[in-house]
Amino acid sequence: CALPIFGGALIHLVIGTFYLWGAISLYVASWLRSYDDSISIDLVKSIFPFMMLTINVMPSFGIKLAEKIGFKVSLTINIIIYSLAVFLCSFITNFWGFFVVYAFVGGVSNGLIYMVPVVLGLKYFPDKKGMVNGIIIAGYGFGSFIFNFIALAVVNQDNVKPTIEDDEGKHEYFDEDVYGKVPRMLRILALCYVIIGLIGTL
C-alpha cells in the first residue's frame, strides 16, 4: 500500500512551508511595523535562522516521541500545533510574541514531524529507501513553492510594490491596503496546513 508514502508527502508539503518565510517576511514586517515602527525587515528576517536551528535539533526527539506515543498520534498532535502556531500569529502584534510562537513553537513542532513520515514509510518499504525518501522529501521542497502562490493571492494579488520608506531610507514596506491582509493570509495558511496535514496522517 502506497498510502504511507502519499501521506508522508502531504505532511512534508505542510512542514516544507518553513521556507515560505522568505516570501512573506516583508508583508509580516510591514504589518508589525504598523504597531511598532522600530520593527525592521532585518529583525523580522531573524525568525528564519532561529526556526531553522530549532527544526534541525528536533528530528531525533521526534522519532523517540513517535515510538513512545504512536506515529499517528505524534504526527496529528504536531500538525495541529504547527498549524495553530501560524493561526495564533495572526492575532499577535508584538514582534517578540510573534517570534516565540512562530519560530519556537512552530519550529519545535515542525522538527518533531520531519523524520517521522520517512521512518514510517521505510517500515512499509524497507527495500525501497531511495524511492521513499525521494517522494516524501519532494513534498518538503514543493511546500513553499505551492503555498507561495496561495499566500500572495491573499495578501497581494495585484502584485503591488512596497512604497513606504523607513526613517533611514534603507527599506521599503507595504501600505495598509496590503499589510492589512496579513492576518487573513496567516489564518488561511493555517487552515490549509491543518487540513492537508491531517489528511496525510490518515
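At 30% relative accessibility, Leu198 counts as partly exposed, a class that lies between buried (under 20% relative accessible area) and exposed (over 50%), with a 1.4 Å probe and protein chains only. The structure is a predicted model, in which local features need pLDDT of at least 70 and side-chain atom pairs count only at pLDDT 80 or more, whereas totals for chains, interfaces and linings use all residues. Residues are numbered from 1 along each chain as its sequence is written, and side-chain values use heavy atoms, without hydrogens and water.

Leu198 is placed in helix α11 (residues 182-201); helices (H or I, at least four residues) and strands (E, at least two) are DSSP runs numbered from the N terminus. Together with Ile80, Leu84, Phe87, Leu88 and Phe91, Leu198 makes a nonpolar surface patch of about 490 Å². Such a patch consists of residues with over 30% relative accessible area and no salt bridge, nonpolar side chains (Val, Leu, Ile, Met, Phe, Trp, Tyr) being joined within 5 Å and like charges within 9 Å. A salt bridge is a side-chain nitrogen of Lys or Arg within 4 Å of a carboxyl oxygen of Asp or Glu. Helix α6 (residues 71-89) contributes the largest share of the patch, four residues.

When neighbours within four places in sequence are left aside, Val182 is in contact (heavy atoms within 4.5 Å) with Tyr27, Val28, Trp31 and Val155.

For the chain as a whole, the secondary structure comes to 11 helices and two strands. Buried residues account for 47% of the 202 residues. Of the contacts between residues at least 6 apart in sequence, 79% join residues at least 24 apart. The C-alpha atoms fill a box of roughly 60 × 30 × 25 Å along the principal axes.

How values were computed: Areas by Shrake-Rupley, 256 points an atom, 1.4 Å probe, with all protein chains shown as cover.
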